[in-house]
Amino acid sequence: MRDVGMRNQWVSGVLTLVILLVSSTALAQKIRIDQVDVSRFEEENTLRFFVDLLERDGTPAKDVNESDFGFSVDDVAIPGEAKTSGFFDTSEQAAVTIVLAAHGDYLAPLIGETSPFDLAVEGMARFVGELRPVDRVSLWCYTDRTFRRVSAFTQGGQNTADEFIRDANRVCRPESGDDKVGFRTPSLFRELLRAVQGDFRDDFDNEETARQRAIVLMSDGNDSDSQTENGPGRIQQYIKDIQTEIAGEIKFLVVAYATLDDRGYAYLGQLAKESNGAIRELPTDLKEGMVVREWLQLVEMLKRQVIIDFVPEDLDGGRGVKFQLSGVVQGSEVSTVHDRFTKLPDRPFAWMAILIWLGWILGLVVLGFLLFKGIQLWRENRGEAGGYQGGGNEPSGPIRGKLSVIDGAYTGEIFYLVDDVTTFGSMDGNDVIIRDVGISKRHFGIKIDDMRYELADFGSTNGVLINGRPAKKQFLKAGDTIRAGSTEMVFALK
């Protein structure tokens, strides 16, 4: 029997270590998309992201700049404008359910007449006092047998904090002489699962306008199931079932404190990690102000959740997408993928935008036509193409070759070869001037040597094609086609 007990103790210890390692890994997460609000996308083309952004020590990030963030869908970046703000700087609403441990261990005096429950009530009151009237908060406690509702959802603020202190002491403490008060370990996680399947879920469903939702739990994490052989496995299954119920919509923020045994911290850490929440662990040897400080740290996580209003330049509606967010926290690059698909509503058909575009296109067509006619008229009045006069007028001197234009703005014109070297380009000073956007200032030249005609590209931007193939230097023969820019010519001898 001793060997069996030692083996069970060893297994329990290993499981605890594994859970602790998993929990510590979760706390390394630095950025997470909590919620996506698409209600303004259809009319204003605006998406609102609620982002949990933590520094390396697990505290909310400070000095967040919108230029530090970028969004993408399916690894494709979405250009647009972003504006950041803190959650409490907006009119967005938070809904928080607070759960306090009120079983025998927590009610026993710890320092003088002060019990862990008293310290929890003090921290809870400071937490509620930091909330705004627009926020919603409810209070529960759990004993060694069940969960008790202390106060339904109401507005946050100091008045509510004072009421919660009175109600917690009235409802959660046992009546004097109650013979049922003892030190039995509660079935915490089983009862917590029942609560999120029932009353907790119903309460949160009624808070439809709340964008940030959390369950704040102060507990030692001890559970009667952990004392049985298969208990650790059952507790982990309870935690998984809890996460299935809250489906990423509610996170657990935990203050962990145990008077002696802190083994329950591992389960609380897993609960926080699985819900993308946070855990603040207190040492067993408490010092003054520690409990309140950790409660205030949790409310800071709510306050400083980052809200990013993002106006994408081009994002179609009517489909489900998974957003990816990347950013910089304290000089380190971080990124995350939203764990749920976001259904983008259909955008209304933009008739006005289409009419505006049609107007622009029609105007450009008319402008292009007028420009073409103007150039055509200018060329007719100018009476020349390139450096030579068109219309059959031949230059003075012997003609040693010619290029007949068959495509482009100079179609029908003839460029004559007279000198030993004839240069072609778009700037003045060339022998043949071709005003073509695809022609470089000095594009190419043709050299005549002993009745051999050699074309050389002068390093032009767009190059020269001879019979459809790029050419740097090549001897010409009658019938070769030469293309430079949009101008195509046929080479011929006299």
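User: What makes Glu 130 and Lys 303 a salt bridge?

Analyst: In this predicted model, the closest N and O atoms of Glu 130 and Lys 303 are 2.7 Å apart. The cut-off is a side-chain nitrogen of Lys or Arg within 4 Å of a carboxyl oxygen of Asp or Glu, so the pair counts as a salt bridge.

User: Why is Glu 130 called partly exposed?

Analyst: Its relative accessible area is 31%. Buried requires under 20% and exposed over 50%; Glu 130 falls in between and is therefore partly exposed.

User: Why is Asp 225 called buried, and what is its salt-bridge partner?

Analyst: Asp 225 has a relative accessibility of 10%. Buried means under 20%, so Asp 225 counts as buried. Its partner is Arg 234, with the closest N and O atoms 3.4 Å apart. Arg 234, at 35% relative accessibility, counts as partly exposed.

User: How do you know that Thr 336 is buried, and where is it placed?

Analyst: Thr 336 is in strand β15 (residues 332–337). Its relative accessibility is 14%, and the limit for buried is under 20%; Thr 336 therefore counts as buried. Leaving aside residues up to four places away in sequence, Thr 336 touches several residues, including Ile 31, Ile 33, Phe 323 and Leu 325.

Methods. Residues numbered from 1 in each chain as written. Predicted model: local features only at pLDDT ≥ 70, side-chain atom pairs only at ≥ 80, totals over all residues. Heavy atoms only, no water. Helix = DSSP H or I, 4+ residues; strand = E, 2+ residues; numbered from the N terminus. Buried < 20%, exposed > 50% of the residue type's maximum accessible area, 1.4 Å probe, protein only. Contact = heavy atoms within 4.5 Å.
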